[in-house]
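Thanks for coming. I will talk through one model, going from a loop to the sheet, a helix, and then the cores and domains.

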Amino acid sequence: MGIDAFLEEVRSRLDIVSVVSSYVPLKRVGKNYQGLCPFHIEKTPSFTVSPDKQMFYCFGCGVGGDVIKFIQLIEGVDFLEAVEMAAQLAGLSLDEIRRESPKDKREKDRLKALHALLASSFSSILRTDAGTVAREYLKSRGITPLWWEVFKIGFLPADMDIAPLCYKRGFTQEELIATGLFYRKGDGLVCRLSNRVIIPICDYAGSVVAFGGRVIGEGEPKYLNSPETPIFQKGKLLFGWHLAKEYIRTKGRVILVEGYMDVISMHIAGFRETVASLGTAFTVEQAKRISRLTRNVFILYDGDNAGLKAAFRASKVFYAVGVEPKVVVLPDGKDPDDFLKDVGPLDLEALMVRAKTPVDMLIEEDVGGALGTREKLRRIFELLEDTKDALVVDSVLSYAATRLGLPFEDVRASFKESRRAVIRKQENRDNGRRVSWERDFLVYLLRDPGLFERYRGKLSPELFKDKEVSFVVDRLLKGDPPERMVNDCGQDISSLVAKALFSEASPDEELSVLEERILKRIELFELERIKRRIKELAASNMCDTEEYKSLVSTYIEKLKATKRVGGGIHESC
Ligand SMILES: [Zn+2]
């Protein structure tokens, strides 16, 4: 089955109203259902679900799409993961369309099964006599059996060989080595996690795909993680995500810490909306995943200088995806675990309330001592270096300008100076500005397939100056159903199309007026085309050809006609 056919099958088996209702209470209003939008804060419902169209749309924040898009947004997962979840709800398996070879798929499934077996074995060992030393350690850190359960914590004593158990369950030595957790010694295998408290690392669906081990007592390294494998890519995962996502959504905020032990301490202290990047640098992919669920981000790294620097690096990644985070600074260089033990959760909450954005921190000289205005600006610019959204950049710069008592235009100009290339790209993008009458015409086209059919032969994307309108017309001409565009186009286009389909309100302009304008535009384009061709022919000395003669006479005819219609060929839009 191809992907499109598969998606159709998934969509046809699911009812969007029942899927959405499992997240959002809905009430029937006319032929649609309404509820409070889960994607923005509101008091009166503007979130609408249409059983006829099998789509949702929010009149407040403009998000919309089909059942898969809804799952994608509400679960904060990417498209493929959403398809997988939707398929599961529909009782279908993604295997039917999976691109990877059956061999790769089998290898991954085996690896996951082996990780599951190891995780359950480690966790049983923790509960036996052999686990006493580990239980003591966990107790000393305040991690009670309830939390062993939640995080599937386990242990492997130094003198225990776990390999034979795996062989008994049908796994081979090669498969054990493929986890990156075992190495050969003589005839047998040694597990790198020996004498460590073991924390399973799960993927977004909650399957164990790697392990972290904290050494008991002295020993190096203190923390040891699985290397990357076909099922584990560090920059892609956030530790604790599958446990935290529900809380992130309901609390409307996320706390980002550095390591898994911090996540565990935070969850125990009641901050269940906490996740961690996995030891490596925080990535755009991780930031995007978070930003799909919430834009209210707190970075809580160690309170020392290194932690603060890392927090600023992570901030830059958040700015890159258009999110302005807040940085919580722990006093006296403490880490989250120390702070919770020595001071307590209430004080942490208070610190969070007072947490500042990196820009405020720079302006208020909280970092790096007394900075001059020029240096402060330079560091603010640095934070925004990778930010592509011009609106985000402007809003941060205008705020900084006000606080520093500088004219916004000057600050903006010097930012542009420091990042000319990037800004140039954005200005190019702005050229396809909104043209409201084109948008109005598009609304009629989208709502009335008959109207579109009448114009099909005459329309082309180049006719429209509004980039988004042009894009939608292009897709319509290629035969894409509008519902599909709502789903897989960017927010601007998705919102434009969804609004046209959902809103009952008529556009500002009447159709007849718009038709007149579009016909004039079509005429003008045809004239331009003929003029270009005439010039081409003239340039290649082909003025005595039949084509040339007939083009010139058509051109003159058309020119006269447009003059007669009035308004001439010069438009005022
Ligand atoms: Zn909304």
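Please find K152 first, in the loop between α7 (145-151) and β6 (154-156). Keep in mind that this is a predicted model. At K152 the phi angle is near 55°, which is positive, and the residue is not a glycine. As background, most residues other than glycine have a negative phi. Is K152 buried, exposed or something in between? It has 19 C-beta neighbours inside 10 Å, so it counts as partly exposed; the cut-off for buried is 20 or more.

There is another residue of this kind, Q54. Its phi is positive too, about 55°, and again the residue is not a glycine. Q54 sits in the loop between β3 and β4 (55-58). Here the count is 17 C-beta neighbours inside 10 Å, and therefore Q54 is also classed as partly exposed.

Let me go through the β2 pairings. Strand β2 (residues 32-35) is joined to β1 by three bridges, in the antiparallel sense. Within that pair, V29 has N32 as its bridge partner, and K27 has Q34. The hairpin of β1 and β2 has two residues between the strands, and G30 in this hairpin takes a positive phi near 65°. Towards β3 (residues 47-50), β2 again has three bridges and runs antiparallel. There, Y33 is opposite V49.

Next is a helix, α23 (residues 467-477). Its buried residues are E468, V469, V472, V473 and L476. Why do we find them on the same side of α23? Because they cover an arc of only 135° around the axis. As a reminder, an α-helix has 3.6 residues a turn, so residues three or four places apart point the same way. Among the elements that cover the buried residues of α23 are α21 (436-447), α22 (449-455), α24 (482-488) and α25 (491-502). Just after α23, G479 has a positive phi of about 90°.

On to the cores. The largest nonpolar core contains 91 residues, and those with the most contacts inside it are I198, I201, F239, L256, V275, A276 and I299. Helix α13 (residues 305-320) is the top contributor to this core, giving seven residues. Another core lies apart from it, with 47 residues, including V473, L476, A498 and F502. V473 and L476 are among the buried residues of α23 that I listed.

Last, the domains. The protein chain is divided into domain 1 (3-96), domain 2 (102-232), domain 3 (236-355), domain 4 (373-430) and domain 5 (438-565). Taken over C-alpha atoms, the centres of domain 2 and domain 5 are 62 Å apart. That is all I have.

Key:
Residues numbered from 1 in each chain as written. Predicted model: local features only at pLDDT ≥ 70, side-chain atom pairs only at ≥ 80, totals over all residues. Core = buried A, V, L, I, M, F, W, Y, C linked by C-beta atoms within 7 Å. Buried ≥ 20, exposed ≤ 12 C-beta atoms within 10 Å, placed from the backbone. Helix = DSSP H or I, 4+ residues; strand = E, 2+ residues; numbered from the N terminus. Pairing = 2+ DSSP bridges. Arc of directions from axis to C-beta. Contact = placed C-beta atoms within 7 Å. Domains from an automatic or database assignment.
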